Amino acid sequence: MALEPNHEENNDLSGFKYAWYKKTEYQINIKSYLTLGTGKANQTEIEQDWTIIPGEYNHIAVESSAQRYIQSDGQMQAFYEILEKINKATEVVELSLNTDKSINEVTNKDEILRKWEEIKKDLHFFELVKESYKTFIQIYDKEFNNIDRNIGRNLLYQIMFYPLPVFAGGSFTDEIPVRTTLSTLFPGEELNYSSAYRISGNKEGGYMVKLEGKSKESQSRFENVYKEKYQRTLVNPLEYKYAIEGEYIYNQDSVLSEVLFHVKEELNEKMIYVCRYHIRLNKK
């Protein structure tokens, strides 16, 4: 990691007491770019609003709005329509958090599953229209039946609830545990990544956290799926890379006010996925 460790004695961080203690609203902008070969394969930009409502000790409710598509691939319009219906099942997600502010459990999973069963009835029309739509819906059906795992692996949720050791009473120099998320380029495949962080004060009286991370996976783990799905199209051998960069800004009350988070997943020079998450506190 390029980040140097914190030296607390030279950087007064005693006021950094991060906690979710009141209702907050965030605007989320997600911009992704996927290359295939020498050209642009797909570029998407969406916006969404999240309302974070703290409950009892280490319990949080997340209320999310419908996604607004700023830029999208017209050929994917039907999938976006299906996804809009699917997302209604998780408009409200209630969570219990670990002491480091990472996700422990989805506590309203029964309610989410009930909503999903109703939504599935509406989606049956799409299943009859096209086999690819049916496959898409079936993938989500499996995810809803393992909602704890899939919310916990969801990168947006991981970004919002990032487990800094200091949140759990650890030292500013303690290491962040290895995390597990889902690959974008190998759908359904999990990957482990490590990360390091540095906290510093800023001139506005708040705090800044910088993160860097990279995959802990051996490339050999993905060799077979690469040969099956991509080798014929891309020709080049697999040269797998995964990296993250994050910048978190907290105000002088230790309230999370802005996040800029980048992810880059690369199979080789012919197929690269880059995604930027920009999360901003709504100060209205």
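Me: Does Phe186 count as buried or exposed by its relative accessibility?
Reply: This is a predicted model in which local features need pLDDT of at least 70, side-chain atom pairs count only at pLDDT 80 or more, and totals for chains, interfaces and linings use all residues. Residues are numbered from 1 along each chain as its sequence is written, and side-chain values use heavy atoms, with hydrogens and water left out. Buried means under 20% relative accessible area, exposed over 50% and partly exposed in between, with a 1.4 Å probe and protein chains only. Phe186 has 0% relative accessibility, so Phe186 counts as buried.

Me: How many aromatic pairs does the count come to?
Reply: Rings of Phe, Tyr and Trp (its six-membered ring) pair if their centres lie within 6.5 Å; planes under 30 degrees apart are stacked, over 60 edge-to-face and the rest tilted. By this rule the number of aromatic pairs is 17.

Me: What is the centre to centre value for the aromatic pair of Phe186 and Phe222?
Reply: The planes of Phe186 and Phe222 are 20° apart, and this aromatic pair is stacked. Its value from centre to centre is 4.9 Å.

Me: What kind of aromatic pair do Tyr226 and Tyr230 form?
Reply: Both Tyr226 and Tyr230 are buried. With 6.1 Å centre to centre and 35° between the planes, this aromatic pair is tilted.

Me: At what value from the ring centre of Tyr162 does Arg179 lie?
Reply: A charge sits over a ring if NZ of Lys or CZ of Arg is within 6 Å of the ring centre and within 35 degrees of the ring normal. Arg179 lies over the face of Tyr162, and its value from the ring centre is 4.5 Å.

Me: Are helix 1 and helix 2 roughly parallel or antiparallel to each other?
Reply: Axes are lines fitted to C-alpha atoms, for helices over the stretch in contact, and angles run from 0 to 180 degrees between N-to-C directions. Angles under 35 degrees count as roughly parallel, over 145 as roughly antiparallel, 65 to 115 as roughly perpendicular and the rest as oblique. The axes of helix 1 (residues 77-87) and helix 2 (residues 109-129) come within 9 Å and cross at roughly 165°. Helix 1 and helix 2 are therefore roughly antiparallel.

Me: Which residues of helix 2 make the contact with helix 1?
Reply: Contact means heavy atoms within 4.5 Å. Helix 1 contributes Glu81, Ile82, Lys85 and Ile86. From helix 2 come Trp116, Ile119, Asp122, Leu123 and Phe126.

Me: Is the crossing of helix 1 and helix 3 left-handed or right-handed?
Reply: The axes of helix 1 and helix 3 (residues 131-144) are 11 Å apart, at an angle of about 25°, so the two helices are roughly parallel. A crossing is left-handed if the near helix is turned anticlockwise from the far one by less than a right angle, and right-handed if clockwise. For helix 1 and helix 3 the crossing is right-handed.

Me: In what crossing does helix 2 pass helix 3?
Reply: Helix 2 and helix 3 pack with their axes 9 Å apart, at an angle of about 170°. That makes the two helices roughly antiparallel. The crossing of helix 2 and helix 3 is left-handed.

Me: Near what value is phi of Val235?
Reply: Most residues other than glycine have a negative phi. Val235, in the loop between helix 7 (231-234) and strand 10 (241-250), is exposed, with a relative accessible area of 55%. Its phi is positive, near 70°.

Me: In which loop is Asn58 found?
Reply: Phi of Asn58 is also positive, near 60°. Asn58 is buried, with a relative accessible area of 16%. Its place is the loop between strand 2 (39-54) and strand 3 (59-64).

Me: Which residues does Thr44 contact, leaving aside neighbours within four places in sequence?
Reply: Thr44 is in strand 2 and is buried, with a relative accessible area of 11%. With those neighbours left aside, its contacts are Ile30, Lys31, Ser32, Gln71 and Tyr80.

Definitions and conventions
Helices (H or I, at least four residues) and strands (E, at least two) are DSSP runs, numbered from the N terminus.
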